[in-house]
Structures are given as structure tokens and as C-alpha cells.
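Hello,

Here is the structure I promised to hand over. Please open it first, then read my notes below.

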Amino acid sequence: MSTFLQYLIYGLQLGSVYALLALGYTMVYGIVGMINFAHGDFLMIGALGTFFIAKLFTSFNIDGTYPMLIVAVIIIIAMLGTGAIGVGVEAIAYRPLRNKPRMIALITAVGVSMFLENFPRALPFIGPNPRSFPTLFKTVRYSFLGASITSTQIIMISLAVVVMVGLYLLVNKSKIGAQMRAVSMDKDAAALMGINVNRVISITFFIGGALAAVAGICYASVYPQVEVYMGSWLGTKSFIAAVLGGIGDIRGAMLGGFIMGISEIFATAVNSTFGYAVGFIILIVILLVKPAGIMGKLTKEKV
Amino acid sequence: MNWKKLVKTAYPAVIVVAIYLLTMLLLKGGLLNKYYIQVMMFAGINIMMTASLNLINGFTGQFCIGHAGFMSLGAYGAAIITTMVFNGKNIPVLAQTPVFLLGLFVGGCVAAFVGALIGLPSLKLKGDYLAIVTLAFGEIVRAILRLIKPIGAARGMIGIPNYSTIAWILLFMTLTLYLLKNLIYSPYGRAFIAIRDNEIAADVMGIDTTKYKITAFCIAAFIAGVAGGLYAHLLAFIQPDSFSFVKSSDFLVFMYAGGSGSLTGSIVGAALLTMLPEVLRFLSEWRIAVYAAILVLVMLYRSDGLVGGKELPFMRIRRKELYEEPLFVRKATKKHPSAQDR
């Protein structure tokens, strides 16, 4: 029982990273209709950026950790920075291709992803070597029904849940959320209704980037190593999670992320390669039963 | 015998032979070294992969983003035949060629069989969802290969005889392109293109879309399997991780950068983009970043690909050529009674 609970905690922890990243995929897909393969690299930029921002604040470092206020400042700077990079990528690389076939944008995204990975790799002060991530939160270990849970894990999982609920409310209750939903239904009609489509899409990419930065900080806090390629496979996994839940649906992305995280941890307990593949197997099974994912709605094609 | 037609059909083959002789001459003359030849061989294999991917994505309009999965099946299939079944390093020289061809054929068949299996979900899934299933398939194949102990598991297979030469690769590349060209201008190819342009309309016109989609997957997978076999016998070492999603996305990039729905595009895209990173070697660590930037710029300013969906004359069959007298005229078809009545 305690082992089960322990795995569940690890699963929730990994699942919250997947879910945060999947939210970015699903929002971009829902609104622009493209698969942003570079999204995983936003996570890397967020984590790597945090590493350097934390270095700037070294003078506040006490006993290897930072005061809560400084941590909040670091996280906010990282989120703003990564969000800005997301907006920049969209404006430079994706906006000119908005009316082109979807695969063209996808290939461009592959190119952008390669660039985002290899540009920092070539920069002399970053380079290809992995770095150890600074401890942002003080780690306190609690025992809970025989399983141990650290304060980092609690902060991480609750942060992810709070962010997701906030995003859900933002999309469904706020004015900008209404604009987003309008753009996702029909770009041209939304533009005719006086919605600034470019602005809405920029905001979407900004939110996606900021969420990816949070995911990156969460991931690097529990697996404290950052390197330029860390985003690529996490990105693929989260993308699978988004599709599993029904891409374009925010609740689906959360659900998919947690399903992926938990199943991966349990399967890894059996065999590490199986742990890697289990998400893909679940995906194929679910898509064969529900071709649009768990929460997704199948749209009828009109002739 | 229709001599004009024969010349028309044969001259691409003459070009390929000329390329081969020229390379051999330059190699003898010392102007080309082994390294250039190896890059050329990789380009040839990449052309096969890209052209076959083009059959699925560019001509049939399905989205396969796990093409390296088929390649890995072919590579392992062929390597198992030549290395483990026949112990390819210690067999007489004369027996090498049949063993190699058998290996390639088996590799292709394994990939084609799995390709048909992957084609099955395409009955139900469309667009991006199908793309994800193919991605998942590629990763599952990689995971399974990592688990099988006798073929080296994650460490990979070593000691594969290096049978692949530039001649073999050029031969298979030419055969692939010839096959695909004739396929695309055949009734099958017309059906593929109809499915790409509008699947529902194609269905209504009486095209068995299921059959044609699976056929496209099958043929493309077979070619990818053979290319994988050539790859395995070129490197003499294969490991599951070299057929990851990164590899699949390479072929996608080659294909769309060259131009989807155009075999010339596949040739240009695969050849240029295989050579580009090698040409950029002088940039050392900036190489891949510059390569990526060039790729993004190509996609931004030439969204339809470098050749933009056009075909070179020898990769195309004109409409009037379809109605010309065939190359080898069978007497029986000429004497058909209904033809005489008219």
C-alpha cells in the first residue's frame, strides 16, 4: 500500500509537469490549429533561464536556498521571459504561415525546435553540458501513510493544480477567454466581430510559454539537471498527453497529463523501456476506441 | 519495339550510370575521398526514404510522422537475415549478393506487413490523430527493439557485414524512383491523388479509399524497409535509438522542404539537406543552429518547397504519353475483336 502511494505521488509529480506542458499544446492547437513542436523547448528555456536568473540573485542565497519572495520573483521573471520568447517565435516563424497548409507550419515548428535547442548549445556561456539546477524550495520530508512526500512535491503539484484551474477560469469566464474561444471557432468571423486575432494568438503563445516555464521549473526542481535537449522528449510526451485527453480541450490536457505521468511511473517500476512506451500504447488504444481523445468531440466533415 | 519510347524511358538510367562512373573516376583520380562517397550514399538512402514518405504524405494525403519506424524494421529484418541467419562475414563472395538481396527483401516485407497494420487505423483516424498514431507506432517499435536481447537490446546490433556500396544504393534509389513515378501516373496513383484532394469525393466516385490508403502505406513501408536494410549494411551497426522521432522528423523536413507531392522535390530536398550539414561543418558548434535557421527561412519564403510541386521532365509522364504505343507491344491486345469492330 505504501509503495503504491509512493508511486502515485511520483506519478502525480510527473503528471503535473506533463499536464502543464500539455496545456500549452492544447491551447495553441485549439486556437491556431497547429502542432507547435517547439513547445517542449519552451520548457527547456524556462528551466535554463531560471538557472541563470537564480545565478543573478546569488547574493540572496541563504544556506543553499532562496527566501520565498525571491523565489517568486525568479519564477515570475522566468515566466515573463519564456512567454515573450513564445510570442516572438509566433510572430517571426508562425504568423506568416497562418493561411498555409498545416503541415508547413508543423515543419517550421520542427525547424524552430532545432534552432531553440542548438542555438543555446552553441552559445559559449551555455554549451551542451548539463548543469545542476539550484534548490529553490527548502526540502522538508513528510511521512504520509508510509509514503514520503517532500515539500517540493507538494508545492509542485498544488502549483500545477492552481495554474490549471486559473487557466480554465480564464478561458471560460474572462473577456479575453471569450475572445480566445471565438478565435478558435472561426478566425475570420471573430475578426469581423472586432476581435484582434493577432493579439489573441500572441496572448495564447504567451500563456503557453509561461506555463512551459512553470513546468520547466517544476521538472528541474525534482530532477535537478538542466540541459538544452531536456525539452524534446518531455515535449513529445506532453503532446501525446494532450492528444490522449482530446486536443483542444483544457480539461482533457490535464487529465491526459496525469494519466501519462501516473501510468509511466507505474510501468517504469516494471521495466524502464516499458515505462517509456506505455504512454504510446495507451494512446493507440484510446484513439482506436475514441478517435478524438477522451474529452474531444468528433467534428463531422461537411461536403 | 518502340525505339523513341525506349530512349525516353531509359535515359534517366543512363544519367544514373553516368553519375556512378563519374564518381568512380573522381574517386580513382583522388578528387573525391571516401567521406564524400559516404555522404552520397546517405543522400541516396535519404532520397529513398523521402520519396516513399512522399507517397503517403504528399500523394495520398495521409500524415505519417513515424517513418523511421519502418526503416528500423527493415534495418533489423535485413541485418538479422545477413548477420544471424547466414553469418554474412564468413560466406563466399559469390553467395553474398543473394544473401544481401534476400535480407533486403525480408526487411522490406516485414516493414510492409507492419505498414499495412498501421494503415488500418487510418480507416478511422484522420489528419493529426493519424499522425500521432504513426508517431506512437515509431516509438513503440523502438521500445520493443530495445527489449529484445538477442539483437543487442538498447546497445544495438554490431558486426553487420558492410555490403552496401554506392552501386547498390544508386540502383535501389533508381528503382524506387522509377517505381514511384510509374505508380503515381497509374490508375493507383490517380486514386491516391483523388484521396488526397478530397477523400469523401473520392469515395463517392467509387474509389475504395480503404484499399488505396493501405496500399500506399504498404508500398511506402516496403521501400523504407529496403532503405533501412541498405542503411544497416552501410553503417555495419544499428541501434534502436538511431531510429527515433528525430530521424522521422528529418525525413519530414526533407520532404516538405523539397516540396510535397513532387518526386523531384524529394530528390532535391533529401540530397541538398543531407549535404547541407556537411557543407556547414566549418561552422563547428553553430552548424545545426544555422541549418535550422536556413530550414525555417526556406519554409517561410518558399512554403511550397524548393521545387514547389513541379516535376523535372524525367520524373513526369505527360498526358499524351499515356496514350502512346506501349514499350513492348503484345500482339494479342492488338487483335482484340472489339477494337476491329469500330
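One term before the findings: pLDDT is the predictor's confidence in each residue, on a scale from 0 to 100. It matters here because this is a predicted model.

**Confidence in chain A**

The mean pLDDT of chain A is 87. Of its residues, 98% score at least 70. Confidence in chain A is lowest in E2(A), with a mean of 81. It is highest in helix H8 (residues 197-222) of chain A, at 92.

**The hairpin in chain A**

Strand E2 (residues 141-144) of chain A runs antiparallel to strand E3 (residues 147-150) of chain A. Four bridges join them. Ser143(A) sits opposite Ser148(A) in E3(A). The two strands form a hairpin, with two residues between them. Look at Leu145(A) in the turn: its phi is positive, about 50 degrees.

**The nonpolar core**

The largest nonpolar core has 199 residues. Ala19(A), Leu20(A) and Ala47(A) touch the most other members. Helix H1 (residues 2-32) of chain A gives the largest share of this core, 17 residues. What does Ala19(A) touch, leaving out residues up to four places away in sequence? The list is Ala160(A), Met164(A), Ala241(A), Ala253(A), Met254(A), Gly257(A) and Phe258(A).

**Where the chains meet**

Chain B puts 30 residues into the contact, and chain A puts in 34. On the chain B side, helix H5 (127-147), helix H10 (245-258) and helix H12 (287-301) each supply at least two residues. The largest share of that side is ten residues, from H5(B). By type, the chain B side divides into 23 nonpolar, two polar and five charged residues.

Start with helix H6 (residues 166-184) of chain B. At 1.5 Å a residue, its 19 residues should span 27 Å. Its end C-alpha atoms are 27 Å apart, so the two values agree. Buried residues in H6(B) are Ile169(B), Phe172(B), Met173(B), Thr174(B), Thr176(B), Leu177(B), Leu180(B) and Ile184(B). Their cover includes helix H1 (3-29), helix H2 (34-59), helix H7 (187-197), helix H9 (209-235) and helix H11 (263-279) of chain B.

H11(B) passes the length check too: 17 residues at 1.5 Å each should span 24 Å, and the end C-alpha atoms are 24 Å apart. Its buried residues include Leu263(B), Gly265(B), Ile267(B), Val268(B), Ala270(B) and Leu273(B). Which helices do the buried residues of H11(B) pack against? They are H2, H6 and H10 of chain B.

Is Ile80(B) buried or exposed? It has 20 other C-beta atoms within 10 Å. The cut-off for a buried residue is 20 or more, so Ile80(B) is buried. Ile80(B) lies in helix H3 (residues 67-85) of chain B. Leaving aside neighbours within four places in sequence, Ile80(B) is in contact with Val85(B) and Ile151(B). Ile80(B) and Gly229(B) are 149 residues apart in sequence, and their C-alpha atoms are 10.0 Å apart.

Pro12(B) belongs to helix H1 of chain B. It has 17 C-beta neighbours inside 10 Å, so it counts as partly exposed. Pro12(B) and Ile56(B) are 44 residues apart along the chain, with 24 Å between their C-alpha atoms.

Best wishes

Terms used. Residues numbered from 1 in each chain as written. Chains lettered and ligands numbered in written order. Predicted model: local features only at pLDDT ≥ 70, side-chain atom pairs only at ≥ 80, totals over all residues. Contact = placed C-beta atoms within 7 Å. Nonpolar A, V, L, I, M, F, W, Y, C, P; charged D, E, K, R; others polar. Expected span 1.5 Å × (residues − 1). Buried ≥ 20, exposed ≤ 12 C-beta atoms within 10 Å, placed from the backbone. Core = buried A, V, L, I, M, F, W, Y, C linked by C-beta atoms within 7 Å. Pairing = 2+ DSSP bridges.
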